[in-house]
Amino acid sequence: MPRTDDDTWDITESVGATALTVAAARAAETDSENPLIRDPFARVFLDEAGQGIWSLYAKPALPDDVDTDVRTMVRAMIDFMAVRTVFFDEFFLAAADAGIQQMVILASGLDARAWRLPWPDGITLYEVDQPKVLEFKAVTLQRHGARPRVNLVNVPVDLRQDWPRALRDAGFDPARPTGWSAEGLLRYLTASAQDSLFERIHELSAVGSRLAANAVGAEALNPQWLARQRDQMRHLRSVATGLVDTDVIDLEELWYPEERTDLSAWLNEHGWEVSAATLGEWLARYGRSDVASDRMPNVFVSARRTRS
Ligand SMILES: C[S@@+](CC[C@H](N)C(=O)[O-])C[C@H]1O[C@@H](n2cnc3c(N)ncnc32)[C@H](O)[C@@H]1O
């Protein structure tokens, strides 16, 4: 189904399924021989959700008849999610270490940081996502007996609507420095919704606040890259359809391949000190194959607000 400006979803539907795909890659990484991250909750979510396109990523040991190209795409996704997870984990722990006690995870999906990171005492963490996504997560983790290691506050709201009001109503205090993340979100917003997101984050950020986000690299707008990506995903989807006993979502039709404001430059102009690194640099840092940076070009941005 094509996207609309006010579409909504459950965890196995539309953009909700992308959260399961990320969880599947984290589960596969966690179960691998030499994992970069350990997310014991990722598999719990998959067991609860049942099968879908995400099942392809959940087990690196694919059936023998799956071809090399699909294996390469699956491996690239797992490597991408592994280093991306490390990037955001390190960001939050450094922010907490610097004394920030108010964190906001935008588009939290099935991110289990509130349950798995070694947070210091006194952290309040707001998770913002669509209502049914947060509900699936809360019910699944409660059933599993998991307890958050922070004061966790759910903010069920669409990030294209008046989420700042929902966040304030939930107790968020804009006078205090905040640690913000937008992980795996921006490509699912239009370019103008992305601009509005960062304008609002900026308005809510006291000096000393920090922000981490990943943005799709400019290469992903190249028509040749887009055509190749569509072909590869079509092929992956047909393989997935043969492996799982259910409908398989077309993940390629969920994102907006639009030209966007340069996030680092925009933050810089607005009083944030920015550092940015490509996915390729992060893969190299952890000795992972560079294939993922060609298949999923990305930039990891982190910033600290230094001026009002
Ligand atoms: C690829 S997943 C990433 C989830 C999580 N950040 C992670 O990395 O595990 C994208 C998430 O963005 C959420 N999302 C996308 N657009 C949204 C919107 N307009 N409002 C609220 N949540 C949204 C989806 O529900 C989904 O949980």
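Colleague: Leaving aside its neighbours within four places in sequence, which residues is E127 in contact with?

Modeller: Contact means heavy atoms within 4.5 Å. By that rule, E127 touches I105, S108, D111, A114, W115, L134, K137, L152, V153, N154 and V155, leaving aside neighbours within four places in sequence. A word on the model: it is predicted, so local features need pLDDT of at least 70 and side-chain atom pairs count only at pLDDT 80 or more, while totals for chains, interfaces and linings use all residues. Residues are numbered from 1 along each chain as its sequence is written, and side-chain values use heavy atoms, with hydrogens and water left out.

Colleague: Is E127 buried or exposed?

Modeller: Buried means under 20% relative accessible area, exposed over 50%, and partly exposed in between (1.4 Å probe, protein chains only). E127 is buried, at a relative accessible area of 0%.

Colleague: Which side chain joins E127 in a polar contact?

Modeller: A polar contact is a pair of N or O atoms within 3.5 Å; within protein, one must be able to donate a hydrogen and the other to accept it, and residues adjacent in sequence count only if both atoms are side-chain atoms. Here the side chain of K137 is the partner of E127, at 2.8 Å.

Colleague: Now the ligand. Which residues around it come nearest?

Modeller: A residue is near a molecule if one of its heavy atoms lies within 4 Å of it. There are 23 residues around the ligand, and W9, A107, D129, L159 and E183 come nearest.

Colleague: What lies 2.8 Å from a nitrogen atom of the ligand?

Modeller: That is a backbone N or O atom of E183. From the side chains, an N or O atom of R26 is 2.9 Å from a ligand oxygen, and a polar atom of R160 is 3.3 Å from a ligand nitrogen.

Colleague: How much of the ligand's accessible area does the protein cover?

Modeller: Accessible areas come from the Shrake-Rupley method with a 1.4 Å probe; for residues, only the protein chains shown count as cover. The ligand has 590 Å² on its own, and the protein covers 99% of that.

Colleague: Last one: which members of the largest nonpolar core touch the most others?

Modeller: A nonpolar core is a set of buried Ala, Val, Leu, Ile, Met, Phe, Trp, Tyr and Cys residues joined through side-chain atoms within 4.5 Å. In the largest, which has 78 residues, M103, W119 and L236 touch the most other members. A second, separate core of 31 residues includes L106, W163, F172 and L197.
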